[in-house]
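Work through the exercises below with the sequence and the coordinates at hand. Each task is followed by a solution in steps.

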Amino acid sequence: MRRLNVNGVQREVDVEDDTPLLWVLREQLGLTGTKYGCGIAACGACTVHLDGVPTRSCVRPVSTVEPTEKIVTIEGLSPDGSHPVQKAWVALDVPQCGFCQCGMVMAASALLKTKPNPSDQDIDEAITNICRCGTYNRVRAAIKAVAQGSTKSAGLSIRHVDGSVT
Amino acid sequence: MSAALAPTRRRFIGGTAATAGALVVGFHIPRKSLAQTPLPDEVNAWVVVKPDDTVVVRIARSEMGQGTLTGLAQLVADELDCDWAKVTTEYPTPGQNLARQRAWGNFSTGGSRGIRESHDYVRKGGATARVMLVQAAADGWKVPVAECRAAKSVITHQPSGRSTTYGKVAAAAGKLKPPADVPLKDPKDWQLIGKRLARLDTVEKVTGKQVYGMDLQMPGMLNAAIKACPVFGGTLKSFDAAAVDKRRGVLKVLRVGDNAVAVVADTWWRAKTALDALPVEWDFGQHAQASSAGFAEVLKAGLTAEQAVVGNSNGDAKAALAGAARRIEAVYSYPHQNHATMETMNATARWTPERCEVWTPTQNGEAALAAAAEAAGLPPAQCEVYKIHLGGGFGRRGAVHDWVRQAVAIARQMPGVPVKMVWSREEDMQHGLYHPITQCRLVAGLDAQGELQALHMRISGQSIVAGIFPQNIKDGRDPVVFQGLNAPGPEASIGYSVPHLLVDHAMRNPHVPPGFWRGVNLNQNAIYLESFIDEIAHATKQDPLALRRKLMAQHPKHLAVLNAVAERVGWDKPAPAGRFRGLAQTMGFGSYVAACAEVSVNNDGQLKVHRIVAATDPGYAVNPQQIEAQVEGSFAYGLSAALYGECTVKDGRIEQDNFATYPVLKMDEMPAVETVIVPSGGFWGGVGEPTIAVAAPAVLNAIFAATGKRIRTLPLKNHDLKKA
């Protein structure tokens with residue numbers, strides 16, 4: 001049995017050493033918010049935090065993850081979707097199909113933790129996730145909205161059901 | 001089963017101003033017992049109102065990111081006069097549609113047709129339900145219905161001031177006979193249509209709770225990985241199951257149809273790694289030597305072939321070209337491309353001798369049901385398909401359900417057990433339905449004054465319709481191949497008047513299966529025509545905008561979007577230093593679109609697309625902020641194709657296998673996009689696809705302006721843009 005610290009909880013899994021962390025999360029632990037997109041660390045849909053570092057879990061053998069390393073998945077980013085990045089994503093209607101978006105949110109939240117006010121270049125360098133629907137500009141706008149504490153700069157004027165406009 | 005699939009109620013994001021009290025979108029899969037009869041709280045097929053006034057709008061089309069779920073709900077809810085804050089949605093199943101004589105019409109979600117082909121009957125569904133609800137209230141009060149009004153789910157008897165809610169009268173309303181021919185609102189009275197409303201399906205996508213097909217979990221479920229013969233048309237000879245069947249978790253190694261082998265295991269990772277280790281012998285079949293270079297030769301011959309099918313003509317182009325004072329000629333081509341949806345193909349199937357059920361992300365639930373029934377060897381009435389949210393579609397998950405057939409074929413060999421089959425990215429990349437390849441030879445004839453008198457566009461190449469719906473080919477003609485080049489009319493019409501015009505097609509079909517790829521044939525046709533119009537402008541020393549305006553005088557809707565772009569980008573003023581501009585326009589999927597790209601090319605030949613201005617006239621703009629999202633996304637998709645998109649064939653198979661060899665556009669290359677929506681009213685056009693077609697030609701024309709290099713073959717990664 002192998003021990004993992006996932007979203008603050010000690011879990012035990014019985015898997016082969018070379019199993020990628022992605023598949024342990026999805027199949028042994030049922031945490032399907034972390035997605036399989038490529039299996040070669042090219043697309044970022046599988047991004048999780050390992051001790052705060054954004055990590056592509058599809059190429060990370062589970063045997064290389066220490067029991068003490070803190071793994072945070074999208075399910076553990078906040079208990080209720082209230083992380084500022086998640087709130088900004090909702091406010092600006094960032095997702096389209098949404099399949100890549102959990103990885104985007106994990107990459108963006110890690111970036112904002114190290115650089116609370118990232119430049120465009122910082123964003124380009126940190127967010128190398130693939131989105132085929134093409135949400136990149138709203139992703140950028142949402143990251144800036146978090147940094148600035150306001151969604152107004154995006155100029156999207158989206159009307160929400162509570163009457164708010166973002 | 002339903003329990004495993006129905007976490008149904010979406011959660012709120014706690015404490016956000018944006019979503020406090022946000023509406024809740026149900027992910028509801030009706031149970032089998034409900035399939036045959038209307039739900040008890042149903043007002044009609046489109047509208048369910050629950051006692052707490054929750055309005056459930058049924059959506060027949062599939063949501064794959066394009067926002068159709070929200071847009072269609074807006075149409076229904078506007079006519080229903082219900083409280084938008086209480087609107088949720090659900091999918092009826094294809095089996096229910098079959099059992100109820102197609103009460104929900106067409107499920108097909110491609111061709112940007114969600115709104116443009118169902119706006120009429122879904123609004124009628126909403127309007128009819130409203131009339132029935134008001135009638136039920138009036139009946140309850142025993143007052144004339146004309147004295148009652150509805151607004152935001154509240155019905156008021158005006159003389160007495162009494163009021164009730166939709167939820168309280170829904171049960172009675174559902175028992176009334178539906179009135180015929182309920183009039184629809186005048187557009188000036190729309191309350192929800194045209195508003196920048198937030199999507200209904202966002203929250204779960206940022207919390208990981210959205211269930212995609214790949215995420216499905218069921219009690220007792222097994223997992224399958226599959227590999228088909230890498231050469232299209234090849235077959236499976238043999239495999240050595242004994243080499244892997246003792247591996248941990250592996251339950252079965254099995255043949256799937258005549259060309260594939262699958263491993264079923266407790267987890268997908270164990271199935272996949274066992275499959276990787278499985279010795280397999282293939283019969284590569286008759287196409288084992290085929291290559292992209294060979295295809296190009298075949299297509300090239302078609303450019304001058306005598307036999308061709310005419311798609312559009314006026315005047316006598318051949319004679320006019322023969323007598324022209326000056327001729328300009330160019331040959332263009334477009335490569336095979338994979339859709340590369342973020343979520344690879346997958347389906348979960350459970351088969352018994354009496355019943356087959358499939359859970360899958362599909363753009364066309366009815367087509368998925370037909371495929372499932374055929375593969376199951378059962379009548380459709382004994383089968384059901386549950387549509388799961390799509391991780392991208394782009395046309396791959398619509399017309400052909402090859403993966404559903406595979407999943408059912410696997411399930412038939414494991415009776416009673418649900419088996420989830422997921423394609424690896426490599427399998428997905430190499431077993432797609434590819435953007436068709438075509439070449440195009442364009443010849444322009446100018447008179448002595450340099451005016452365009454004649455144009456011949458000869459398209460040579462692949463027909464999607466011949467590959468997928470061969471029964472729709474009449475007299476050798478694939479009507480779809482002429483998208484954007486058709487005679488004046490409401491769909492995909494050419495925006496230019498040329499005294500002598502001939503557009504024809506020499507069909508040449510390589511063995512690589514073609515598919516409807518977001519934007520379809522509009523993509524390459526717009527590249528060919530819009531680049532060539534720029535070539536004519538350059539050759540005759542005319543401004544590309546001025547030439548277009550001259551040729552478009554008889555096409556005011558096409559011209560209006562082009563003018564909107566020119567105005568926003570400031571065409572009459574120079575571009576910022578070092579930047580160069582290119583224009584393109586086209587019409588398709590019911591909408592008129594145009595774009596201007598501002599690019600720079602540095603001394604190393606490195607291209608940067610800085611800014612895009614794009615205009616679209618979809619007739620009526622149902623949700624402008626979502627149209628903007630679609631327009632932006634169209635540039636991501638179209639520029640991915642222009643910069644990188646290429647699947648090459650060697651030894652009969654696709655060479656690219658993953659995003660390392662099939663790169664796509666990422667954040668650092670995404671230009672700023674300014675979307676100008678100019679809805680002229682009176683028609684309903686699509687927005688998911690048309691703009692893709694102007695992305696590449698606008699950039700190609702800007703590259704010419706920057707470098708003097710005319711790029712006629714894609715993708716751009718194969719070209720050196722350094723100034724000569």
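**Exercise 1.** How much area do chain B and chain A bury between them, and what share of it is on carbon and sulfur atoms?

Solution. The model is predicted: local features need pLDDT of at least 70, side-chain atom pairs count only at pLDDT 80 or more, and totals for chains, interfaces and linings use all residues. Residues are numbered from 1 along each chain as its sequence is written, chains are lettered from A and ligands numbered from 1 in the order in which they are written, and side-chain values use heavy atoms, with hydrogens and water left out.

Step 1. Buried area is the accessible area (1.4 Å probe) that two parts lose on being put together, summed over both. For chain B and chain A this comes to about 5,600 Å², with 56% of it on carbon and sulfur atoms.

Step 2. Trp269(B), Met342(B) and Met667(B) supply 15% of the area that chain B buries against chain A, more than any other three residues.

Step 3. Counting by contact (heavy atoms within 4.5 Å), chain B brings 77 residues and chain A brings 63 residues.

**Exercise 2.** How many salt bridges and how many residue pairs in polar contact does the rule find across the interface of chain B and chain A?

Solution. Step 1. Take a salt bridge as a side-chain nitrogen of Lys or Arg within 4 Å of a carboxyl oxygen of Asp or Glu. The rule finds five across the interface of chain B and chain A. One of them, if Arg270(B) is examined, pairs this residue with Glu16(A), the closest N and O atoms being 2.7 Å apart.

Step 2. Take a polar contact as a pair of N or O atoms within 3.5 Å; within protein, one must be able to donate a hydrogen and the other to accept it, and residues adjacent in sequence count only if both atoms are side-chain atoms. Across the interface of chain B and chain A there are 33 residue pairs in polar contact, both residues at pLDDT 80 or more.

**Exercise 3.** Where is Thr54(B) found, and is Thr54(B) buried or exposed?

Solution. Step 1. With strands (E, at least two residues) taken as DSSP runs numbered from the N terminus, Thr54(B) is found in the loop between β1 (47–49) and β2 (55–58) of chain B.

Step 2. Thr54(B) has a relative accessible area of 11%, so it is buried (under 20%; exposed is over 50%, partly exposed in between; 1.4 Å probe, protein chains only).

Step 3. The side chains of Thr54(B) and Asp52(B) are joined by a polar contact of 2.7 Å. Leaving aside neighbours within four places in sequence, Thr54(B) is in contact with Val48(B), Val49(B), Lys86(B) and Thr88(B).

Note on methods: Helices (H or I, at least four residues) and strands (E, at least two) are DSSP runs, numbered from the N terminus.
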